[in-house]
Structures are given as structure tokens and as C-alpha cells.
Amino acid sequence: MAHAAQVKIPATYIRGGTSKGVFFRLQDLPERCQVPGEARDKLFMRVIGSPDPYSAHIDGMGGATSSTSKCVILSKSSQPGHDVDYLYGQVSIDSAFVDWSGNCGNLSTAAGAFAIHAGLVDPARIPDNGTCVVRIWQANIGKSIIAHVPITNGEVQETGDFELDGVTFPAAEIVLEFLDPSDDGEEGGSMFPTGNLVDDLDVPGVGTFKATMITAGIPTVFVNAEDIGYQGTELREDINSDPAQLARFEQIRVAGALRMGLIKTPEEAAKRQHTPKIAFVSAPKSYQASSGKQIEAGDVDLLVRALSMGKLHHAMMGTCAVAIGTAAAIPGTLVNLAAGGGEREAVRFGHPSGSLRVGAEAKQVDGQWVVTKAIMSRSARILMEGNVRVPGDAF
């Protein structure tokens, strides 16, 4: 039986924040993959190495975690006032699908840097030295992101002294602004889809929990750590080694998705693993991060742990950090109460790998809370560039 030869596709492997992904220019993809559909999904799954029953991604570029099973497409923007369109695909590890329902905040950092590397930003907008402001249209969710990318000698400055907990080595700081990050929705939704800052979330067969359900950055269901039997200081192995607890988290997530109107039946959640996120919060406590670094209660405003694609994240998703910053800025949410309550423009929260500061500007308009922007710092670095090779009959 004859087999198709491998196809060579220009690609760049980039770390952005605490994630990694394979980046493509739209124009470099095979023609049938330049439009949404089955061919594109099959290509990305084969690039990453999914679906993989061994959950190892041995035969692909993925790293067998939600943080490393990602593909990105960038193109010159179709939107006025923007430089690039950024489309993100979260590739399932053990199932045959790509989730396009949300953004990756970490890789938003890399999107700004890659846009310059890939020649997608007008050269007239790139200084010889200083900062290039890259205006990104996040095509998955229809939102604007501004990346402030450092430039040295006309090129992206990738090395530096900025340290990010969850990333081993320091790099150059990139400041991200997520503009109007709440989801006003196609059907007239709001930042709080239920209309409440805190709800009683009934989870069939599990119990009823206080929950803040918010759509800023990425749809997120926040619950109190103590209500589900945790301290808020847990590390990955404390959660991910317990299938029963992971199943319980998924039940809570599905109940939240239904209550938020993101899905109509529980069965739909299996094909929407990327959103919503489920996170649990607590007041500050001292703990030892996964790196061995000691996080003192007095150095953070609250603790947050979040799950992504069914597993506890090793640090914090960028989009979930936006949700944390936004919810913290609104008095009365569970996130705000865990941080001590009151009005706040920024919080520093503890996560499994250390801590992170995120700011948000929130205000009430006609009795409804709105957020104008969320701000955080990340870094990005190209790890490898060239071509990925994929069997020609795979897509």
C-alpha cells in the first residue's frame, strides 16, 4: 500500500507566557487548511500528535498538557485599526477535536512578538529601538489586545531580566492590555451571565456551591476552595493524581456552563473543554510553590488554582488571570471577597508556580458592571523556527 509523502509547512515554535504553541502564518498553510473546517483541524491534531491514547504526544510537537497542545494562525488584520488577526486552537490530547471557543492569554504575548517576526506588522510602525505597539484582533472571541513589544536594533528583544513564575529563565517583558475583555455576547449577554455576582450553583449528585460566573477574559466559574474541601495551596499532583476529584471538578464546570448559557445539554461539554474554566479561590496562606519557592501569605492578596482541559494548570492561564483581575475589581464577587473585599485596581495572586500581578479597570454603567481593560506582563521567546512535517494523507 502506497503512503503519501510528508508535507513541509513553515512554522515557528514559541513560548508565550507559561504556554507553548506552534505558530503559522495563514498564507503558509496548505490551501485547504486556510479556511476553517475538517482539514485544518486534522492538520493541527497531526502537528501536535493528537489524539494520543498514551497521552504523551511522542509523535508530534505537543507536550501532552493543556499548556503545550496549542496551535496559532496569524494573518494581516481584516479589522480597521488592527495589525494582525490572531486565531487560536486548543488541541485535545486524547480526543479527536480542536476547541476554537476561546483565547489563550499566554500565547497572546507570543502573537504580538510573532507578528513582528513574521513581517505582518507595517515596518513603518516598528522603531529601531523602543517599543512597538502591536494591535491584535483576537478572532476567536472578537476582542482587541494591545501588546507592547520591546525592540532593539529593529528586531524583537527576547532576552532580558523579567521573571515570570512558571517559566524557568528570565526574558524580556511584554505588557499586554486586554481591551473590553468581558463577553457582551452575540445574544446580548453580560459579564455576569446569570445577572448575579454570586450564585448558588446546584451540581447534580455533588452538591450546591457558592459561585461567581464571569465572562471576562474567558468564561470562568469561581468557587471557594474550602467549600470543595481544599485549602487553596494545592499543587498539580494534589489534584491531577485523583481521578475522582477531577471528575467532580468537571461536573461543577458542566453545571456552570449550563447556568452561564454556554451549552444547552451536559453532553455538549465534551466538545467544549477549553471553556468555561473552573477555578477555586481562598484567602492568602503561605505555601511552597512547585519550584520550591516559598510564597508568603503577606506577599499575595489571595490564592487561585485553575483547571484547564480537565487538569490543574501548573501556573495560571493568561485569560483566567484577566477573569481574576476583573472579578477582584468588583466588590462582592468570590474573588474580591477572598482578596479582602473593597475596591481594587490590581491584585497579586498565588498560583501553583508562584504569584502573578494583574490589574483591571472596572466601573458601573447603568447599574451594570463593565471592565474597560485588564493589564498584565508576560514574556515570549522563539524556541525553534523552520518547518513542521506532516504526512500528506493526514489532512
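Predicted model: local features only at pLDDT ≥ 70, side-chain atom pairs only at ≥ 80, totals over all residues.

Student: OK, how many cavities of 30 Å³ or more does a search of the whole structure find?

Tutor: The search finds three cavities of that kind, and the largest cavity holds about 70 Å³ of space.

Student: Which residues line the largest cavity?

Tutor: Its lining is made up of Asn103, Gln138, Ile141, Lys143, Ser144, Ile145, Phe178, Leu179, Pro181, Gly217 and Thr319, and by class these are five nonpolar, five polar and one charged residues.

Student: And which strand gives the most to that lining?

Tutor: That is β7, with three residues, while β7 (143-152) and β9 (174-179) each supply at least two residues of the lining.

Student: What about the second largest cavity, how much space lies in there?

Tutor: About 50 Å³ of space lies in the second largest cavity, which is lined by 13 residues, with Ser66, Lys70, Ser308, His313 and Met317 lying nearest its centre. By class, that lining has three nonpolar, eight polar and two charged residues.

Student: Switching topic: is Ser19 buried or exposed?

Tutor: Ser19, which has its place in strand β2 (residues 19-25), counts as buried because its relative accessible area is 2%, and buried means under 20%.

Student: So what is Ser19 in contact with, leaving aside its neighbours within four places in sequence?

Tutor: With those neighbours left aside, Ser19 is in contact with Ile14, Ser67, Lys70, Cys104, Asn106 and Leu107. Of these, Lys70 also came up among the residues nearest the centre of the second largest cavity.

How values were computed. Residues numbered from 1 in each chain as written. Heavy atoms only, no water. 1 Å grid on protein atoms, 1.4 Å probe; cavity = no way out; pocket = protein on both sides within 12 Å on 5 of 7 lines; lining within 4 Å. Points joined across faces, edges and corners; volume = space filled by probe spheres on them. Helix = DSSP H or I, 4+ residues; strand = E, 2+ residues; numbered from the N terminus. Nonpolar A, V, L, I, M, F, W, Y, C, P; charged D, E, K, R; others polar. Buried < 20%, exposed > 50% of the residue type's maximum accessible area, 1.4 Å probe, protein only. Contact = heavy atoms within 4.5 Å.
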